[in-house]
Structures are given as structure tokens and as C-alpha cells.
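Dear colleague,

I am passing on the structure we spoke about, with some notes to read beside it. Please look through it first, and then compare it with what follows.

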Protein chains: 2
Amino acid sequence: MAAGSRKATLHDVAKRAQVSVASVSNYLNDYPYMKAATRERIRKAIDELGYVANRQARNLRSGRTGLISLSLPDLNQIYFAELAEEMIKQAREHGYRVIIESTGNDRRREIDSARAMASNMTDGLILSPTQLRAEDVHELEGDYPLVILGERVFGAPAPHVLIANEAAAQAATEHLLKAGCRTIAVIGGTLDDTVASSRSMRTKGYVAALADYGRPLRPELIREIGDWTSAEGAKAVRDMYAQGIRPDGIFALNDLLAMGVISQLREMRVRVPESVRVVGFDDIDEAKYTIPSLTTVDPDRAQVARLGIESILSQLEAGGRAPRSRIDVAFRLRYRDSSPRV
Amino acid sequence: MAAGSRKATLHDVAKRAQVSVASVSNYLNDYPYMKAATRERIRKAIDELGYVANRQARNLRSGRTGLISLSLPDLNQIYFAELAEEMIKQAREHGYRVIIESTGNDRRREIDSARAMASNMTDGLILSPTQLRAEDVHELEGDYPLVILGERVFGAPAPHVLIANEAAAQAATEHLLKAGCRTIAVIGGTLDDTVASSRSMRTKGYVAALADYGRPLRPELIREIGDWTSAEGAKAVRDMYAQGIRPDGIFALNDLLAMGVISQLREMRVRVPESVRVVGFDDIDEAKYTIPSLTTVDPDRAQVARLGIESILSQLEAGGRAPRSRIDVAFRLRYRDSSPRV
DNA sequence: TTGAAAGCGCTAACAC
DNA sequence: GTGTTAGCGCTTTCAA
């Protein structure tokens, strides 16, 4: 494109190639019935003018934007950052781009993410709410493609992609039981199940595994925490030992907690995995690199991303919101050195 | 909005309020000269119809999208995830949203991020290249608002936001020198400065600090690594000790490396900070929570984000690309427990 | 203070 | 095969 000239339009290309704008549009959209000569003239004109189609005009006309909204609690949480990365990858493979909204666990902003959909700025919304209440579900009504992530909202009028928090926690606990653990602590657990959250679901899985094995549930082994940081994981271990509790297995409800747990145990010269086996949750990048490397639940972010994006695209193709449904994502246990292989 | 009806347009509102579309448009854009009665009729009609303006139409007409492109290497790297979070926050404060592109350190995709700007899909681009070459700089030409992040490309025809890698590394090293360290290792450093990268810049700062203090540069203290993971940090320490090297200060070129360093030292029963002082770089969330908490360089992501977004917006206001310039971001040392306070 | 009308740049009928 | 034309839904002169 000649510097200084205004941006070329379809019209300019048509004029230069001596064809109609429709032909140029057809060319751009790979219309098959076109003489090679015409095609070539258009190609040349586009090339000479450095023409690039204006997305906004195309969007207005076609009603599509090629954009998907992804609304997550917080990119500072590694899990969500890694999920966002996968979403971007998946979207790109389908020719889509992603607008990321970070709600900061703010109910208002979770609602706003949904409301923004009324303005047709993007083709669909993937929403991971943490604060939305049952009474807010009507905010999610609409005809636009929507996918809900996570445990928080049920009854939303849309497909719902769920990681198997409960089953995965049960499997992780079972893994410890099979390894011979008799006293298994849960770091980050809670018996409060008034709201569904990943911590309550994961705790349920733990409880279920104990029940399956006929083991008693000892509430003092369920250690509530504040933030999901390694410091909290370390502190939970210190507190537990100070109270005279000596677990031989520890299930940390996320990997950062688990890193704190391992580091505290090493500090106290408790051997991992010989004396205490440790399992985490999330399979963040770093889990491979801790010492010892961390056995953990891989909730298959790639799959969550794939299912989420594909659902949006199929809703789009179908011309509107899919009915409420539940899509479960399989998890995998990643066996590493913090627990004995099975 | 009545369920089932198609989305209301400006036209519908105008008809219902018995005014022209222009008046409704004026209303939406806070045009001041309007009779209260008219205003009220429009407000009511909008309310009754549940009207929300179509962004695409508005964009086409106004030439603005309210979107900024942010192109980063990889959200799995905590630094970039936290930077993205800040960018989203800053953008939101100005009424903008952010499309995040993850290039995966792929030169092709870094170039594509720039090329995509020709289609007017977003109002500006903030690009953090890691693979772009001098010969690619012409790809960055154009009239759209652009900001470059990082050391990789110089001579780009746009404002360039730089964190003070060299000065910050120098200050971190000085901090160790002042604390009495005589043998300071750099984990992740390199003396290869054929390409400017954060590791080469940071190593330069280290070298400069030693020179200032009249200390010899001992190449065996500069430990190259593979990935920026805690495992590599731990391994570097093990290797160093295996070679009989006994540093009393360690400067890890990012926090993940530092976490591995600390964990390995504790494993070896080397006391931090008493026997070895450790300093990191990045000030990721977790740095506050390691044990001991990590002294590190805070490169002020919030500032990088603020300056980046504000530059885009001021270019937008000015109607086009700002000339090449260099915007330096001040760093801060965060003194924590892995080194003695000063 | 309000309205009519002309597009923004493109796509999609439909005609030829 | 290719061209003509009517919009997509909004903003923006300009006139009244």
C-alpha cells in the first residue's frame, strides 16, 4: 500500500480490477464459480493496493464477529491463566479470537459479562462464575451462545462444562488409601456444603472415598485455609503437627497448597513420599518440577477449553442458545514422586 | 424485552418514542440540547424495549471498536499472566476491553499480531515480541496505535515500554554486596549478549554492580539454565555445590528459579538468609509466601500496563501512531526474609 | 431542539 | 459468471 494514501476499500479494488464489488466480495469468500482471469485480476488489484478487508463492516453485515468472550475470576490464579491459554489456542484453531474479562470474584462484573452480550460485541460467552447467586440466573437468559464453567451456578439455561471435582477427589483419596495411608488430611477442605464450590465438591469426594473403604471421617483432618497459597499449605501442616496430628497421607486441594505442604514437611524432615504421601490438584506446570515432583489431579484444561469453544461454535451454527445440559470432563491422576506409583 | 421478539434497534426505539433516530442517537451520546420531555420519552421507550445499542454498527460508523489487542508470549508464564491481568484492569478503567493473543514464542504469530491490525478489528496493539528480528521491523509500520514491550526489538517505529532490567539487576546485586556477600552467583545468567533478552540485560546489571564494587567477575558463578522453572533453579544450586562452589549470595533471574534455589538450599541444610542470601526477579504473587519469603525485584507490572494502555489511548486521540520513543518503568526492590533488610 | 438523509464497508439476494 | 442493489444499525452533517 502506498504510504500516506487512505486505506483501500472493496470499492477501490473493484474499480482497479474492473469488476463489481460483488465479485471482489465473492473472491474474498472463495466463491467457486469465477473465471480464472477475473480471479487473477482481483488478486492483482488487492495485492497492488495492499487491501485488507475491514472486519467491522464485515461483522455488521454478517452478524458475526469472530470473537468469543471469556470471563474468568482472576488470571493471577495459575489454573485460570493456564485455562485461558488453552482457550486462546482452541479458539485460534477455529479462526476465533478471545476477549478476556477478569471479574476478580465480583458478582457485579460476572453479571456485567453476561449483560455485555446484548450488544453483539462477541459471538458467545464462556463464563466461569464464582459469586453468581441462584436469583441471578435470569441474567443469563438470552439467545446468544453461552457456556458455563464450574460448580457455582446450576440451573443456568445453557450448557455447563464441569470438571469432575468430586470423582477426581475421590480417586485421589483412593490412590492414597490404596497406597496404605490410614490417616489422610485434606488441606483446603471444608464440610460446609451450603454453596457448591470446588473446595466443597472436592471434600465430598474425599469423604466418599473414606466411606467406600469403611474408614471413619475425622473432622480434625479437614483443614480449612484462607488463600490458596503455598504459605497456607505450609501453615496448615505446622498447625496440624502442633496439635499432635500425624497424617501419613495429605491431599491438598490445589497444587500451590501442595507445594507449601511438601516444603513444610521437608523443613520438618518428614520424608515425602516415604513417611507422608502427598497429592495435589490442578496439575499446574510447576507440579512436574517440585522436589519431589507432585502427584496431582489433571483436570484436563485442554479438554475444558475444547468442549467450551466447540459448544459455542455449534450453538452459533445452530443459530442460538443450546438448552441446559451438562458436559463432564474426564480427569486424570498424574502419578509422580510425591506418592508411590500404583 | 419481550421474549421471542427480535432485538430492538434504534429505529424501533425512535418509533415507539415518536422521535427520529437521530434524537435517540443523540440521547445515547448525551447530547445536551434536548427537552426533558423528549429525553424522558426516549428513556421510557428504551426501557420498555430493553434496547441495547449494537456495538458493531456503532463501530463501523465511528471507526472505533473499544478493543485493544495484547500479544504476549505465553500465559503459562506467571509474569505474563499477571501482566495480562493488569492490562485488563487498566483497559477497563478506560472503558476498553482486551483481546489476548498468545504467540507461544512463534515469530510467525508475532508478525501476524501486527498484520491483523490492518483489518481494523481493534483500536491498538500492545506487542511483547521475543522472536521478531531486525529485518521484521517493517512489519510494524502502520498508522495504528502500537506499543512495544520488552528488550527484543529496537528501532520499532512506535513507543517502547521497557522495564529497567539492567538497572534493577544492578540494584539487586548491590543489595547483596552491601549485605556483605562476596561470592554472588547468578542463576539463569548468560554472558552471551548477541541478542538483547531479559537474561542478558539482567546479567549485564550484575556485572556492572561487581565492577562498581571492584569485584572480579567469576564466570563460574554465572549459571546458565534451560527453562525458567524451580527445578532448574534447584539443579543449578546442586551443580554449583558439586563443583565445590560456595556462594554466599544468589541472584536468581526470576522468582520460580529462586523458589527452586531456596528449596534446594533448605534441602542441603544451608540456611537462608544466614549463610546464603537469595534475591529473585518478578515479584510474582507467590514470592510473599515462600519460606523464607523472597526478596525480589518488582518490575511494577501495574505501571507497565498503565503506561502501555495510556499510550495506546493517547495515540488514538492524536489520530495515529506516535513516533518511536522509549518509556522506562521504574522498578522497586521488595525486601523480604531471604536477604537481610538494609 | 429536532428531523431527514447520507453513508461507514461490506454481504447477499437476485437479475442478467 | 458477473453486476446491481438493498440494506446491516448506527452516527453525523445539515436544514428546519
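To begin with one residue: is B:Arg332 buried, partly exposed or exposed? At 41% relative accessibility, B:Arg332 counts as partly exposed, where buried means under 20% relative accessible area, exposed means over 50%, and partly exposed is what lies in between, with a 1.4 Å probe and the protein chains only.

Before the rest, a word on conventions. This is a predicted model, in which local features need pLDDT of at least 70 and side-chain atom pairs count only at pLDDT 80 or more, whereas totals for chains, interfaces and linings use all residues. Residues are numbered from 1 along each chain as its sequence is written, chains are lettered from A and ligands numbered from 1 in the order in which they are written, and side-chain values use heavy atoms, with hydrogens and water left out.

Salt bridges

Over all chains the structure holds 41 salt bridges, each being a side-chain nitrogen of Lys or Arg within 4 Å of a carboxyl oxygen of Asp or Glu. B:Arg332 forms one with B:Asp300, the closest N and O atoms being 3.6 Å apart. This pair links distant parts of the chain, 32 residues apart, since B:Asp300 sits in the loop between strand S10 (295–298) and helix H11 (301–318) of chain B and B:Arg332 in strand S12 (residues 332–334) of chain B; helices (H or I, at least four residues) and strands (E, at least two) are DSSP runs, numbered from the N terminus. B:Asp300 is buried, with a relative accessible area of 16%. Both residues belong to a network of salt bridges that also takes in B:Asp283, B:Asp298, B:Arg334 and B:Arg336.

In chain A, the side chains of A:Asp300 and A:Arg332 meet in a salt bridge with an N to O distance of 3.5 Å. A:Asp300 is buried at 16% relative accessibility, while A:Arg332 is partly exposed at 41%.

Another salt bridge joins B:Glu48 and B:Arg16, with 2.6 Å between the closest N and O atoms. It links helix H3 (residues 36–49) to helix H1 (residues 10–17) of chain B.

Backbone

As background, most residues other than glycine have a negative phi, and most peptide bonds are trans. A:Asp300, however, has a positive phi near 55 degrees, and A:Asp30 has a positive phi of about 55 degrees. A:Asp30 lies in the loop between H2 and helix H3 (36–49) of chain A and is exposed, at 65% relative accessibility. The peptide bond from A:Ile291 to A:Pro292 is cis, with omega near -10 degrees, and so is the bond from B:Val272 to B:Pro273, with omega near 10 degrees.

DNA strand D

Around DNA strand D there are 23 residues, of which A:Thr38, A:Arg61, B:Leu10, B:Tyr51 and B:Arg58 come nearest; a residue is near the strand if one of its heavy atoms lies within 4 Å of it. Among the polar contacts (pairs of N or O atoms within 3.5 Å), a side-chain N or O atom of A:Thr38 is 2.4 Å from a phosphate oxygen. A polar side-chain atom of A:Arg61 lies 2.8 Å from a base nitrogen, and one of B:Arg61 lies 2.8 Å from a base oxygen.

With kind regards

Methods. A polar contact is a pair of N or O atoms within 3.5 Å; within protein, one must be able to donate a hydrogen and the other to accept it, and residues adjacent in sequence count only if both atoms are side-chain atoms.
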